[in-house]
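Thanks for asking me to look through this model with you. Here are my notes, written as numbered points to read beside the picture.

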Amino acid sequence: MTRVCVNGEARTLGAGATVADVVRSLDLAPDARGIAVALDGEVVPRGEWAATTVADGARVEVLGAIGGGR
Amino acid sequence: MSHDPLVIAEREFSSRLILGSGGFANHELLRDACAAARAELCTVALRRIGTGGDRSDPLARSILDVLRDAGVEVLPNTAGCFTARDAVRTAHLAREAFATDWIKLEVIGDDRTLLPDAVELVAAAETLVGDGFRVLPYTTDDPTLARRLEDLGCVAVMPLGSPIGSGMGICNPYNISLIVEHAGVPVVLDAGVGTASDAALAMELGCDAVLCASAISRAHDPAAMAAAIRAGVDGGRLARAAGRIPRRRYAEASTPMAGLPTL
């Protein structure tokens, strides 16, 4: 089991879970446009989602576009 | 003035009105405002998705689709960042999310005035330019700071007219004119526009473009206000090029006195 904090909320994932698994756990398609992921504050490029495992206690931020600016 | 493009970082735009996507109540209003503004660039922000935070925002899932369908390019911003560190990280995330190295850089000093934090802004701009970004910084109306940002390699400077969303227009036209006078990169009047005349004044002062959201998105009729502000931008641009008459303290007759009859 891997306990992680995703967008400020605690989640439990299977052992060896990857960034791609985290994205899928939010009902997002891994190829969805306009999404970016930070793992413990560092950007994980989309091409590395499937190969990047999330450690127990990791902080993951999954971000998308909203209306904003002025 | 039939071909009078705005050029930023070697990219040409025919529209001198950049739209901000903040504050629109729904997709349709944003879409209609894009069309009425004839916008080619529109800012978007990055926020958490999928855990509830975005679900109160009706634009969350498909704002990119709305903009794409409107033929408008995305200009990501770092809205909500209070430190250079957060702004730099947000910019890198935006580059990943939107596949663009253009970033509207905002580093805010406090959440009551939303005025830029100059020290953090300069630090973030320097880092991001070094990281290969095309940086468009939201800045105060300080001519020295604007010049410093340009010297760092920013591709435009975006001084505020007055605080974000205040609608107070251009509080210090003198400073804006000084920024324009010394700038070697485009000057985009950012923040404070309340109505069409504010946008016209920005352009008359020599700004190259205007960025506007609240004045449009929070207007009673957003599309109508978008059209009005666009007309203000175009009118101000034409007036700037036409060369206005100097201000005088007293009248100057336009009709000659010679030949005046004695009655």
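1. In H7(B), residues including B:Ala196, B:Ala199, B:Ala200 and B:Met203 meet residues of H9(B), among them B:Ala228, B:Gly232, B:Gly235 and B:Ala239. Being in contact here says that the C-beta atoms of two residues, placed from the backbone, lie within 7 Å. By class, this contact has 11 nonpolar, 4 polar and 3 charged residues. Ala, Val, Leu, Ile, Met, Phe, Trp, Tyr, Cys and Pro count as nonpolar, Asp, Glu, Lys and Arg as charged, and the others, Gly among them, as polar.

2. How do these helices lie against each other? H7 covers residues 196–204 and H9 residues 222–242 of chain B, and they pack at an angle of about 25 degrees with their axes 7 Å apart. Axes are lines fitted to C-alpha atoms, for helices over the stretch in contact, and angles run from 0 to 180 degrees between N-to-C directions. Helices (H or I, at least four residues) and strands (E, at least two) are DSSP runs, numbered from the N terminus.

3. Now try another pair in chain B. The axes of H3 (residues 84–98) and H4 (residues 118–130) come within 8 Å and cross at roughly 35 degrees. From H3(B), B:Ala84, B:Ala87, B:Val88 and B:Ala91 meet B:Glu120, B:Ala123, B:Ala124, B:Thr127 and B:Leu128 of H4(B). This contact has 7 nonpolar, 1 polar and 1 charged residues.

4. Next, where do the chains touch? On chain A, 26 residues are in contact with 37 residues of chain B. S3 (35–39) and S5 (59–67) of chain A each supply at least two residues of the side that touches chain B. The largest share of that side, 7 residues, comes from S5(A).

5. S5(A) also joins S4 (residues 41–48) of chain B through 5 bridges, and the two strands run antiparallel. Strands pair if DSSP finds at least two bridges between them. Look for A:Ile66, whose bridge partner in S4(B) is B:Ala45.

6. Within chain A, S1 (residues 2–6) and S2 (residues 9–13) pair in the antiparallel sense over 5 bridges, and A:Arg3 stands opposite A:Thr12. The two strands form a hairpin with 2 residues between them, and A:Asn7 in the turn has a positive phi of about 50 degrees. S1(A) also pairs with S5(A), in the parallel sense, over 2 bridges.

7. Chain B has an open sheet of 3 strands in the order S6-S7-S8, with parallel pairing. S6 (102–105) and S8 (158–159) stand at the edges, each with a single partner strand, so one side of each is left without a neighbour in the sheet.

8. Finally, how far does the predictor trust its work? Chain B averages a pLDDT (the predictor's confidence in each residue, from 0 to 100) of 92, with 95% of the residues scoring at least 70. Over residues 52–60 of chain B, pLDDT stays under 50. The model scores ipTM 0.88 and pTM 0.88.

9. Two notes on conventions. Residues are numbered from 1 along each chain as its sequence is written, while chains are lettered from A and ligands numbered from 1 in the order in which they are written. For this predicted model, local features need pLDDT of at least 70 and side-chain atom pairs count only at pLDDT 80 or more, whereas totals for chains, interfaces and linings use all residues.
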